[in-house]
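User: I'm new to reading protein models. Could you walk me through this one, feature by feature?

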Amino acid sequence: MNFETVYIEEDTKEDKNTLDILGRIKFKNLIYCNSYSEVFNPKNQNFRIQKIKPDIILAKKKNNFIMNTPKNFTIGFTENYYFSHMLNCIYDCKYCFLQGMFNSANFVIFTNYNDFINEIIKKSSNKNKKLCFFSGYDCDSLALENITNFLKVFLKSFEKINNAYLEVRTKSTKIDVLKSIKPMKNVIIAYSLNPEIIVKGFEQKTPTLKKRINSINSLQKLGWQVGLRFDPLINYSKNKQIYKKFFELVFSKIQVEKIHSVTTGHFRMPNNFFNKLINIRPEDSLIFNKLKNDRLLECQTQRKECEEELIKFIDYKKLFAN
Ligand code: SF4
């Protein structure tokens, strides 16, 4: 992958993961900085222009490695946490909340992967408790693996933490890293799926539904645990027939009995993020205004309707509404 500029925090420049990443990419300019926030946080940046050709920022995460998930966010574990080794994403989903949250579309990679592991080990010290860690909250966990090598490094250590479970949330079909590692009991590869018409309309630059289903099949054959994430459901009530056919298709193509968990999620976005989105994507303002107005109705109605449809295919104990 080619980048115009790579920014590196001074205290990260000698780290092994940083040097390895530099060896895997091509770039024209290398600029050192004291903190990634100097480059990433200023307000006067154009997210849409940066999204066309993002720069890359290599940094060291200093604190808040592991955060509590929102209440009730679960795939069956009582203690749930999230973390992100990266900020931003190679895909360009219209509904992506990162556009509302960040001022910059540049990729930040926190290269001190072991510090995340150390925090997870600390959190998991009570061996009687099973904890779940969600990766890919502020990025796609797998999509930039060919540059970050994150999973390759991280999973080696994570495997040893017996009472910790990891969800790797993704839309990516670049599964080479998972083909190269022995499947792990405490790791769930969770695919975000939507009907192809929604993928085309809302999930720009992402792999097609067919390609994602093919990857699920390959991973199941290899022995990886796979989860399905129908998240976000877009206008479920109005697109009920589309989703009905979509569920039939997905569950007819995979090994249902081996699925770890299925979650549904409504389109959740705070108003200030929504307004920012309408501002930076004026061409889509009609769609966004409609989604914004339908949001509350969606939350109340879709959960029950969608559950009724999904329990035709999957044990309700494996089904979670997040
Ligand atoms: S895949 Fe996820 S993180 Fe990436 S653009 Fe889409 S919604 Fe955002």
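User: How many bridges join β3 to β8, and do the two run parallel or antiparallel?

Analyst: Strands here are DSSP runs of E with at least two residues, helices are runs of H or I with at least four, and both are numbered from the N terminus. Two strands pair if DSSP finds at least two bridges between them. In this predicted model, β3 and β8 run parallel and are joined by four bridges. For instance, A59 has F110 in β8 as its bridge partner.

User: What should I know about the model before going on?

Analyst: Because it is predicted, local features need pLDDT of at least 70 and side-chain atom pairs count only at pLDDT 80 or more, while totals for chains, interfaces and linings use all residues. Residues are numbered from 1 along each chain as its sequence is written, and side-chain values use heavy atoms, with hydrogens and water left out.

User: Which strand pairs with β3 over three bridges?

Analyst: That's β1, again in the parallel sense. Two pairs to look for: V6 has I56 as its partner in β3, and I8 has L58.

User: Are the faces of β3 covered or open?

Analyst: First, the term: buried means under 20% relative accessible area, exposed means over 50%, and partly exposed is in between (1.4 Å probe, protein chains only). Both faces of β3 are covered, with I56 and L58 buried on one side and I57 and A59 buried on the other. As for β1 (residues 2-9), six of its eight residues are buried, so this strand is largely enclosed by the rest of the structure.

User: What is the order of the strands in the sheet?

Analyst: Read across, the order is β2-β1-β3-β8-β6: five strands in an open sheet with mixed pairing. β2 and β6 (86-87) stand at the edges with a single partner strand each, so one side of each is left without a neighbour in the sheet. β6 pairs with β8 (residues 107-110) in the antiparallel sense over two bridges, and L87 stands opposite V108 there. Over at β2 (residues 26-33), the pairing with β1 is parallel, over seven bridges. One of the pairs there is E9 with C33.

User: What kind of unit do β1, α1 and β2 make?

Analyst: To judge handedness, point the strands away from you: the crossover is right-handed if the path from the first strand over the helix to the second runs clockwise. Here β1, helix α1 (residues 16-24) and β2 make a right-handed β-α-β unit.

User: Which residues surround the ligand?

Analyst: A residue counts as near if one of its heavy atoms lies within 4 Å of the molecule. The ligand is surrounded by C89, Y91, D92, C93, Y95, C96, L98, C139 and K171. Ala, Val, Leu, Ile, Met, Phe, Trp, Tyr, Cys and Pro count as nonpolar, Asp, Glu, Lys and Arg as charged, and the others, Gly among them, as polar. By class, this shell has seven nonpolar, no polar and two charged residues.
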